[in-house]
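Hi,

Here is the structure I promised to pass on. Have a look at it first, and then read my notes below.

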Amino acid sequence: MNLLYILPLALSLALKVFTIYFAAIAVCALVRRRRWPKAAPQTRFAVVVAARNEEAVIGNLIYSIRCQSYPEDLRDIYVVPNNCTDFTEAAARAAGAEILHCLTPVSSKGGALHQAFAQLRDKNYDAFLVFDADNVLEPDYLAHMNDAFAAGAMVCKSRTRAGNPSASGVAGCYGLYNVIFDLIWNRPRAACGLSAKLVGTGFAFRREVLEALGGWNTTTIAEDAEFAAQCAQAGFRVCWVPDAVNYDEEPNSFRVSLRQRYRWCSGVMQVGRKSLGGMWRTASPRPMLRWDMTMFLLAPFTQAISGLLLAWSLLAGIAAGGGLLPALCGLGLYYVGGMGLGVILCLLGGYAIEGMTKSILLFPVFMASWLPLQVLSLFRDSTSWHQVAHRGQQQVREAA
């Protein structure tokens, strides 16, 4: 056989290892979920929100925190305005939050969090919660997080839902994507003692974690993935708390979505390049956490290579004169299957199908678009953060 055919085949077979690994873990989703036992309020929380030009929505988040069923004397709210050109700070103060100013210029959310936790580290808090400014919380959110910490959790991730799923096809796709991650990533990992995926909002950690890591010290554009890698290396498991629910306002524009997800893909690759080399330099009492994180950080690279191999095989088949029709048939089957999956995810995620028609039609395209974004990230880093405009408080509050 020609080497040009053998090499892609060998690479494709090697990449199947990742597919088998993630599929084997996903099977654990069939295990019945154990709920965190109820506990009396005891965790003193500092809620931290790094906000850039979020005047329109910051009050909505603060309102939902102040309306928590959790005791008021066990929670404080801090907003960290950074590089704002609007009245985010004034809106946060008016809503009842305290303001933490960045003492030196910052260029990323990670930099803002670094300065915030440097100021809060010596205060008498048991745990810290991090949210994006456009979020809204269920009233029992803090109570469920307290249950997990009382049971011994050190790092927690709540369940994120789209706060505006029917606003556009794109926004609904984010909601369906979150359902997928809960089903095939967070739920099975909760069952087998591994870490949930820690994304940039709706997560919490005990002060002991901050002290063990020497403060918040992330430098990449994906501060959440970098912090998760640091936790895995130090042996801290990210526990999933699905009964604690936060709603995230999702982008409505496919163009904005591509730009945002490109930053996510590129950021995780940055974390991989930075963290994989040192992940195994020291001994760990929980090596499976490191192994799972290693596979997670390698996944974007393998997906990008898979995308290149797929393009190669399609072009080779077309050049041979017999690949166009099978390719078109395959795309058609993928699209129909993707829409069917979208319907199932609506039912599993609690989204009304009648309000998600556009999202179901768009969902196969949304999922397929991750592949070229991974390929692009393999060759070109995204180094800047672009603001995602949010449409206002009332819309999200009604959706929640």
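**What I found**

Let's start with charge: the chain carries 36 positive and 29 negative side chains, and the centres of the two sets are 7 Å apart. Here Lys and Arg count as positive and Asp and Glu as negative, while His and the chain ends are left out. Each charge is placed at NZ of Lys, CZ of Arg, CG of Asp or CD of Glu.

A quick word on the source: this is a predicted model, where local features need pLDDT of at least 70 and side-chain atom pairs count only at pLDDT 80 or more, while totals for chains, interfaces and linings use all residues. Residues are numbered from 1 along each chain as its sequence is written, and side-chain values use heavy atoms, without hydrogens and water.

Now the overall shape. The C-alpha trace spans about 70 × 50 × 45 Å along its principal axes. Buried residues (under 20% relative accessible area, 1.4 Å probe, protein chains only; exposed is over 50%, partly exposed in between) make up 51% of the 400 in the chain. Of the contacts (heavy atoms within 4.5 Å) between residues at least 6 apart in sequence, 81% join residues at least 24 apart.

How many disulfides (pairs of cysteine sulfur atoms within 2.5 Å) are there in the whole structure? The search finds zero. The sulfur of Cys84 has its closest cysteine sulfur in Cys102, but at 9.2 Å that is too far for a bond. Cys84 is partly exposed, at 27% relative accessible area, and Cys102 is also partly exposed, at 21%.

Cheers

How values were computed:
A disulfide is a pair of cysteine sulfur atoms within 2.5 Å.
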